[in-house]
Structures are given as C-alpha cells and as structure tokens.
Amino acid sequence: MRQTATREKIMTTGKIWLAAGLATVLAACAAMDGATPAQAAWPTKSSVVATQTGFTAEGLAALDARMKQAVDKDEVAGLEYALIKDGKVVAFNIFGNQSRGGPPMQEDTIFRIRSMTKPITGVAMMQLWEQGKWKPEDPVTKFLPELANLKVATSADNLDNLVPANRAPTMNEVMTHTAGFGYGLSANNAVDRAYMADQPMEKKDLPALVKRVSEIPLLAQPGEKWSYSIAVDLQGAIVEKLSGKKFGDYLEQNIFAPLSMKDTGFWLTEAERPRFATVYQRNPQTNAWDVFPDPAARDFFLRPQAESGGGGLASTLHDYTRFTQMLLNKGELDGKRILKPETVDYMMQNHIGALKGVFGGGGFGYGGMVVTGEPTERAPAPKGSFNWFGIDGTWFWVDPSNNLAFVGMIQRRGSAGAGAVDVRGESAQLVYKALVK
C-alpha cells in the first residue's frame with residue numbers, strides 16, 4: 001500500500017498559538033491523506049452512534065449475534081462488518097482471528113477482496129466516461145485493437161469448429177459481462193478450460209493479458225448472453241490506454257488517495273504481512289479447514305503479474321466502507337468528488353435489459369449486480385440496490401432508497417460445509433428485519 005507521511009504529534013506547551021499558525025498545521029495534516037484526520041478515521045468501532053432510530057435494538061442485536069455465531073460455529077476464522085445508514089455508523093464489529101490460532105482480527109486487518117475490485121474498476125471507467133473518453137456504443141477495438149479478430153466457440157466440448165464474431169463487442173458489453181468472454185472459473189466448457197490452461201491474469205502486465213485473451217475464443221456471440229468473464233481485466237487495460245498511467249497508479253491517484261483508502265492496493269509490503277488475513281477452504285474429505293494459498297503468480301508481496309481490475313485488490317473494512325459511502329453520497333465523500341451524481345446513478349442502473357444469468361437473478365450495471373425485482377423475505381434488498389462479492393468471502397451492498405450500505409469481510413473460499421447457511425445472505429435478511437419501516 002502507499003506509504004503515507006508520518007504525522008508529528010503537536011505538543012501543547014502552554015503558549016498561545018496564533019490562529020493562522022494552527023490553521024497551517026491542520027492544513028498540512030489534511031494534505032497528507034487528502035482529508036482531515038477525523039475524516040480519514042471514519043468509520044471505526046468508536047464511530048457507532050449511541051442512539052439509532054433507523055433500526056430496532058432487537059434487530060441489530062440479532063444481526064450482531066449471527067455475525068458472531070459464524071465464528072463461534074467455526075464457519076469462518078474471523079469476520080468483520082459495518083452497517084451504515086444516513087451517513088452514520090449503525091453497527092461496526094469484529095470477531096475471531098486473522099488465522100486459525102493466530103492474532104485476532106483488527107480494524108486494520110487486510111483482506112483479499114477479489115471481485116469486489118470490479119466496482120472500483122467500474123468507478124475508474126466512469127471517471128473516464130465523464131471525460132468523454134469512451135461511449136457505451138463504442139467498439140472495444142477502438143481502445144484494444146488486439147481484439148479485432150475474435151473467434152467464437154460453437155461447442156462446449158472443444159474448440160475445433162470456430163466461427164468469426166459477428167462484430168466487435170461494444171463497451172457496454174465489456175462493462176456488463178455480455179461481450180462473450182470466458183473466465184476459467186469452471187471446467188464445464190472448452191473456452192473456460194482454455195482460460196484455466198493458460199491463465200491470462202497471470203501474464204506479466206495488462207498488454208500481455210489482452211494479447212492472450214485475444215487468442216482464446218468467445219463463449220458466445222457479443223450481446224447474446226450474460227456470462228461472468230475476464231472483461232473487467234480488459235477494462236483495466238483500457239484505463240491504462242486512456243489515462244496514460246499504470247492501472248494501479250491511476251486508481252491510487254484518482255480513487256484511493258482522495259477517499260483516504262490508505263490500505264487498498266494491488267501489492268503489500270512486508271510491514272503489512274502481519275495484518276493480512278488467511279483464506280481457508282473446507283476439505284470435503286476430512287471436513288477440516290485447509291489454508292487456501294494464493295496462486296504462485298499472485299503473491300501480494302511480489303509483483304510478478306498484471307494488476308487485475310477484476311480481482312487483484314486487497315483492502316480493509318474501513319476502506320471499502322468509505323468507498324460504499326461515496327456511492328451513497330452520489331460520488332462524493334468528505335468534500336472530495338469522485339464522480340458526478342448523475343454518473344453514479346447511471347453506473348448503478350441495469351444495462352443488460354432482459355438478459356438473464358446474473359448470479360441470483362436481477363440486472364447488471366457497470367461493476368455490480370442491480371436489483372430489478374420486488375424484495376422477498378429471502379432477498380429483501382429493494383429495487384435499485386447495487387451489490388457484489390469476492391470469491392474469498394467478502395461482500396457488500398448499497399441501497400440508495402434507504403440510504404444504507406453494508407460491508408462484510410471474511411476469508412473463506414467456498415461454503416462453510418454441507419448444510420451450512422450462508423452468513424452473507426443472512427446478513428441482508430437480518431438488516432432489513434431490523435430496519436424500521
């Protein structure tokens with residue numbers, strides 16, 4: 001993560017400081033992190049409001065008890081969560097350990113947020129959209145000409161009979177997983193097996209990633225279906241092309257620094273290793289918890305590969321909650337404007353029409369799922385809510401109609417085990433049960 005300047009403690013000596021001098025000192029402190037110290041600290045456990053009228057006390061207690069139970073029942077080693085409403089911290093709690101038998105979870109514990117990187121990449125793309133540097137109807141080849149001769153698989157079994165793509169995918173399709181690209185998350189089709197055989201995300205940089213993607217056939221013709229894909233990594237390459245900066249540098253300068261997300265980035269230092277939580281996966285044979293190692297090519301303490309806009313970031317509960325509050329605030333936090341209000345609204349709209357296939361149903365915006373149906377007991381978030389998750393267990397949602405956001409952080413690959421109830425789904429059910437109607 002970036003190295004922030006060290007603040008010197010200002011010792012009171014009994015002398016009377018001139019108002020102008022004090023203002024200079026405070027301004028210098030603010031400049032170090034892009035916000036005043038009080039602003040940069042929000043949210044913490046100490047930020048929880050004493051009196052909360054938006055939720056019932058019983059409901060919040062039930063939410064907290066279930067989050068703690070996930071640790072007590074050995075569903076996860078540790079868990080952190082934050083619930084924000086009307087700009088105030090309603091609940092913020094930490095349970096368990098960073099690793100089994102290891103140090104306890106802390107407010108600054110660092111998590112692999114994996115696909116929760118995607119909404120951040122979406123914000124970067126929307127900043128460039130505001131500047132008129134791309135349009136949804138643009139062909140992706142306008143920015144990545146390497147994708148000019150894409151082929152499409154005609155069989156799930158093999159790549160023997162390929163046909164040319166009818167046209168280049170549009171930017172709207174690249175932004176919404178409807179361009180036809182694969183990802184390599186399962187072996188149920190030949191395209192994804194090709195991704196698994198030679199992971200594009202393990203290439204040395206984004207140009208090399210794009211080149212490899214151009215060589216793997218599409219799963220479907222552009223615009224034909226929704227299929228979770230490597231498209232957001234292509235967005236990262238487009239950010240580099242349009243900004244003239246390395247992707248990680250662009251995010252740091254235009255999102256992380258302004259939002260005081262001081263512990264969010266693609267790479268960690270050795271000094272941060274003690275804060276890095278361990279990922280576990282349930283062993284189906286022994287039922288024990290096995291450490292799920294980072295792939296050799298994605299060592300967060302080395303720099304051997306492309307900065308993945310689809311899943312490469314590490315972050316903290318603090319930092320990601322600030323990101324969600326920026327979205328709730330229509331693009332602004334602590335006086336720093338990241339996006340225009342109308343841009344945030346556009347980003348969190350459904351951009352795939354009636355296409356189906358999004359996990360859990362619903363529509364898809366630029367960076368996350370958009371709730372398009374009426375709320376149910378099982379899925380209580382109202383229409384217009386925006387959400388996504390990471391494969392290593394992190395999750396969030398933003399609900400503009402109730403002006404609330406929730407961020408949950410665990411490090412677990414896969415489910416808690418046979419018959420286990422997903423704490424992520426339960427978190428939403430408990431939040432909306434607690435909400436005062």
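These questions and answers set values from a predicted model against the definitions behind the terms.

The model is predicted: local features need pLDDT of at least 70, side-chain atom pairs count only at pLDDT 80 or more, and totals for chains, interfaces and linings use all residues. Residues are numbered from 1 along each chain as its sequence is written, and side-chain values use heavy atoms, with hydrogens and water left out.

Q: Why are H4 and H9 called roughly perpendicular to each other?
A: The axes of H4 (residues 117-130) and H9 (residues 247-256) cross at roughly 80 degrees. Angles of 65 to 115 degrees count as roughly perpendicular (under 35 roughly parallel, over 145 roughly antiparallel, the rest oblique). H4 and H9 are therefore roughly perpendicular. Their axes come within 11 Å.

Q: Which residues make the contact of H4 with H9?
A: Contact means heavy atoms within 4.5 Å. H4 contributes Ile120, Thr121, Val123, Ala124, Gln127 and Leu128. H9 contributes Phe247, Tyr250, Leu251, Asn254, Ile255 and Phe256. The residues divide into 9 nonpolar, 3 polar and no charged.

Q: What makes arginine 212 and aspartate 198 a salt bridge?
A: Their closest N and O atoms are 2.9 Å apart. A salt bridge needs a side-chain nitrogen of Lys or Arg within 4 Å of a carboxyl oxygen of Asp or Glu. The pair therefore qualifies. Arginine 212 lies in helix H7 (residues 206-215), and aspartate 198 in the loop between helix H6 (190-197) and H7, 14 residues apart.

Q: How many salt bridges does a search of the whole structure find?
A: The search finds 26. One of the pairs is glutamate 270 with arginine 273, at 2.7 Å, N to O. Asp108, Lys262, Asp263, Glu272 and Arg275 are linked in a network of salt bridges.

Q: What makes arginine 167 and proline 222 a polar contact?
A: The backbone oxygen of proline 222 lies 3.3 Å from a polar side-chain atom of arginine 167. A polar contact is a pair of N or O atoms within 3.5 Å, one able to donate a hydrogen and the other to accept it. The distance therefore falls within the cut-off.

Methods. Axes are lines fitted to C-alpha atoms, for helices over the stretch in contact, and angles run from 0 to 180 degrees between N-to-C directions. Helices (H or I, at least four residues) and strands (E, at least two) are DSSP runs, numbered from the N terminus. Ala, Val, Leu, Ile, Met, Phe, Trp, Tyr, Cys and Pro count as nonpolar, Asp, Glu, Lys and Arg as charged, and the others, Gly among them, as polar.
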